[in-house]
Amino acid sequence: QDSPKEMALPLPMITLLNCEKNSQAKLKLMKEVMLIPPAQLSVKQGIERVLDIQKEMMTLLEPPGKVQPNPQVADSKKGRAHNTRKKSLPQALKRISQVGCLITGCDKLEQPLLLMQTACNNIGLELGTDMYLAINCAAHELMDDVKGKYEILTGMFRSPDEMVDMYVELINKFPFVIALIDPLRKEDRLQWSNICCALGSKCYLVAEDAATYVSRLKTDQNMNFPTCSGVVLKYINQTKVSDLIEVTGLLDGQRHITILGSPDGESSDDSLVDLAVGLGARFLKLGGLSRGERVTKYNRLLAIEEELAKNRTLR
């Protein structure tokens, strides 16, 4: 296949916070809070801006009276994140998660978003202009099958219909959140339709777990997933590149966005980044900016940007 005259890079969805569900904190809903740099920035500029926000976030997460330990956030050679604190407090940074981001515990739904807003404001950035947010809700992990409801906070349950109302209220209050990933289970198809009607013009409603495997999407021309704005495709061992190309074409034809995401069980293989660029994916979901296997992929994205710019083929 002939290379196009110009190529566009996917926008990175960079995970900054993991609101741990197994901690003593009450909030269960937000598995990942991600930053999306504005499209007018280069990837390099976007990552530098995210690193500035992450540095400020680490300061905010320090317990009062503690001396800032100046941990090394990302070490691309060793792939380790260092943290010298021994005691952990609510809201405090405890360790780096397996997806390469900061772990915190929150007790209220709005807390991580307000925390992000404060971190940005402190360094002179405005959410909704200088940076945007995406939330991986991972709602399928919260369903209580006996009650038929989602446990969004410890002891607080919401029906599928109540979840839709909650998201509408959340996006209206925080319009800088431009993507919700897996806000509902794939079984709640009526509610997926309702949330797309209510919020489809304000943010992306994305299916990750709510979509099935790439191979099954390919065999079903009706695309076996709920009504949504787009799909996270994961390149795993069983996935054929030819299937990815075909499914991406089907998604584009139906005006869905394609997001390529890192699979569970990480390795330092950075070919996913080349695939994302070659397939023309709108977004790239790689996790945070720590841990060697994550940093390797971000470094590959930066190298591709530099190469395309040098060849004057970067759109």
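A: Salt bridge here means a side-chain nitrogen of Lys or Arg within 4 Å of a carboxyl oxygen of Asp or Glu. This is a predicted model, where local features need pLDDT of at least 70 and side-chain atom pairs count only at pLDDT 80 or more, while totals for chains, interfaces and linings use all residues. Numbering runs from 1 along each chain as its sequence is written, and side-chain values use heavy atoms, with hydrogens and water left out.

Q: What does the pair of lysine 285 and glutamate 32 tie together?
A: Lysine 285 sits in strand β12 and glutamate 32 in strand β2 (residues 32-36), so parts 253 residues apart in sequence are tied together. Strands are DSSP runs of E, at least two residues, and helices are runs of H or I, at least four, numbered from the N terminus.

Q: Is lysine 285 buried or exposed?
A: Lysine 285 is buried, at 9% relative accessible area, and glutamate 32 is buried at 7%. Buried is under 20%, exposed over 50%, partly exposed in between (1.4 Å probe, protein chains only).

Q: Which residues are linked with them in a network of salt bridges?
A: The network links Glu32, Glu208, Lys234 and Lys285.

Q: Switching topic, what's phi of aspartate 182?
A: Near 50 degrees, a positive value in a residue other than glycine. Aspartate 182 is in the loop between β8 (177-181) and α4 (189-199), and it is buried at 2%.
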